[in-house]
Amino acid sequence: MSQNEQVLSYPMPSEAALEPPAEWAELRRQCPVARITLPSGDEAKLLTRYEDVKQVLADPRFTRLLNAPDAARLSDNESGGVFNTEMAQIIPDSGEGHQRWRRLVGKYFTAKRMAALRPVMAEIAERLIDDMVKRGGPGDLKASLGFPLPVYMICDLLGVPAADRDRFAHWSDALLNLTRYSQAEMDAAQAEFVQYMSDHVTAKRERPGDDLLSALIKESAAEGQGLTDVELLVTGMALLVAGHETTANMIGKMVSMLLVDRTRWERLLADPSLVRSAVEESLRFDANSGFGLPRYLKEETEVDGTVLPRGTTVICSMAAANRDESVFDGAGDMDLSRTPNPHLAFGSGAHSCLGQSLARTELQVVLEVLLRKLPSLRLAVPAEELQRVDGLVVGGLREVPVHW
């Protein structure tokens with residue numbers, strides 16, 4: 001398959017929710033810079049090899065914003081998708097502005113700070129699991145544990161009431177879905193979310209609490225170099241969406257991957273010290289991680305011997321890159337003791353995931369608590385009956401039915 005012979009439709013379907021599309025391996029071998037058609041009908045390039053994906057994601061010349069006139073539109077609506085909206089442009093994308101934002105916000109998501117939250121996470125996870133057990137099986141692990149735990153944690157960090165979690169779920173689904181909602185529905189969800197967070201920031205300014213937003217407001221007022229009001233607003237929205245949507249889906253996928261071949265679960269029961277490496281391997285092995293990360297090339301560049309002109313939009317498939325046999329021995333196998341494991345699940349470079357320490361800690365705690373409390377856990381349906389969430393930028397499963 002040469003890149004000039006065929007234009008592939010993207011995203012590519014797979015035969016099962018936990019399995020990668022068959023095309024990935026062929027593309028890595030024969031066409032690592034492939035031509036694809038997006039849901040909008042626009043054409044882009046797809047990168048599937050590890051080194052290529054890492055190169056583009058780490059290159060500061062390329063932007064995540066798709067607001068240039070010749071940038072590809074991801075979805076077939078007026079805004080063209082989540083990466084095209086005006087809201088996405090408020091947080092600086094590069095340079096000193098971006099570094100300033102990451103310095104201000106990132107210090108609240110260090111591994112040390114997240115480790116201090118482990119006891120609280122474990123307590124919440126235990127309570128949620130107990131509630132699921134009381135309701136009786138089979139239960140939906142995603143709805144019972146995967147979704148509420150990250151919501152409780154990010155709400156606590158931001159000082160917003162977890163009781164509003166169903167509203168957050170609707171807003172994030174509307175803002176991150178490329179196919180499910182009309183432009184009017186997306187605009188309405190964004191307007192509601194903006195008003196909600198604006199009111200919340202105002203309330204925190206008047207009555208500060210022991211939370212991240214209150215601290216950012218205080219720093220911004222004191223330093224004069226902090227975040228503007230609109231940056232505070234968008235930061236709160238971005239953290240609330242990213243802080244629950246990705247991890248909520250990953251919890252369900254991780255547990256499903258470990259249960260679909262129950263020898264994996266049994267190995268963890270026999271050796272719980274493997275939890276950390278099992279989490280990293282689940283992140284690497286995830287074939288349903290979502291759309292991938294788009295980048296707009298502001299200048300001509302060469303990727304894997306292919307010259308890409310200025311104005312090209314590329315989609316970096318971290319999930320495909322994480323199956324690259326040239327980097328990971330036995331890449332098609334889930335090795336719970338794999339180390340080192342330099343996967344790209346959290347991206348690479350200046351735009352790598354700000355909340356990766358939070359996500360890692362939540363995934364580790366969930367796995368530790370499940371192994372301890374529900375050692376007999378098993379899927380309640382065959383793996384082939386698990387269904388992907390359609391249209392979401394972030395990959396996930398609709399439900400994770402389990403027995404114990």
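This is a predicted model: local features need pLDDT of at least 70, side-chain atom pairs count only at pLDDT 80 or more; totals for chains, interfaces and linings use all residues.
Residues are numbered from 1 along each chain as its sequence is written, and side-chain values use heavy atoms, without hydrogens or water. Local features need pLDDT of at least 70 and side-chain atom pairs pLDDT 80 or more, while totals for chains, interfaces and linings use all residues.

Helices are DSSP runs (H or I, at least four residues), numbered from the N terminus.

| State in α12 | Residues |
|---|---|
| Buried | R264, W265, L268 |
| Exposed | T263, A270 |

The buried residues fall within an arc of 95° seen down the axis, so they line one face of α12. That arc is taken from the directions from the helix axis to the C-beta atoms. The buried residues pack against α11 (229–260), α13 (275–285) and α15 (356–373).

**Cores.** A nonpolar core is a set of buried Ala, Val, Leu, Ile, Met, Phe, Trp, Tyr and Cys residues joined through side-chain atoms within 4.5 Å. The largest has 91 residues; F109, L145, L240, L367 and L370 touch the most other members. Its largest share, 15 residues, comes from α11. Another core, of 23 residues, lies apart from it and includes L38 and I315.

L370 is in contact (heavy atoms within 4.5 Å) with residues including I129, L145 and W265, leaving aside neighbours within four places in sequence.

**α5 and α15.** Among the residues of α5 that meet α15 are M121 and I129; L370 is one of their counterparts in α15.

Notes
Buried means under 20% relative accessible area, exposed over 50%, partly exposed in between (1.4 Å probe, protein chains only). Helices (H or I, at least four residues) and strands (E, at least two) are DSSP runs, numbered from the N terminus.
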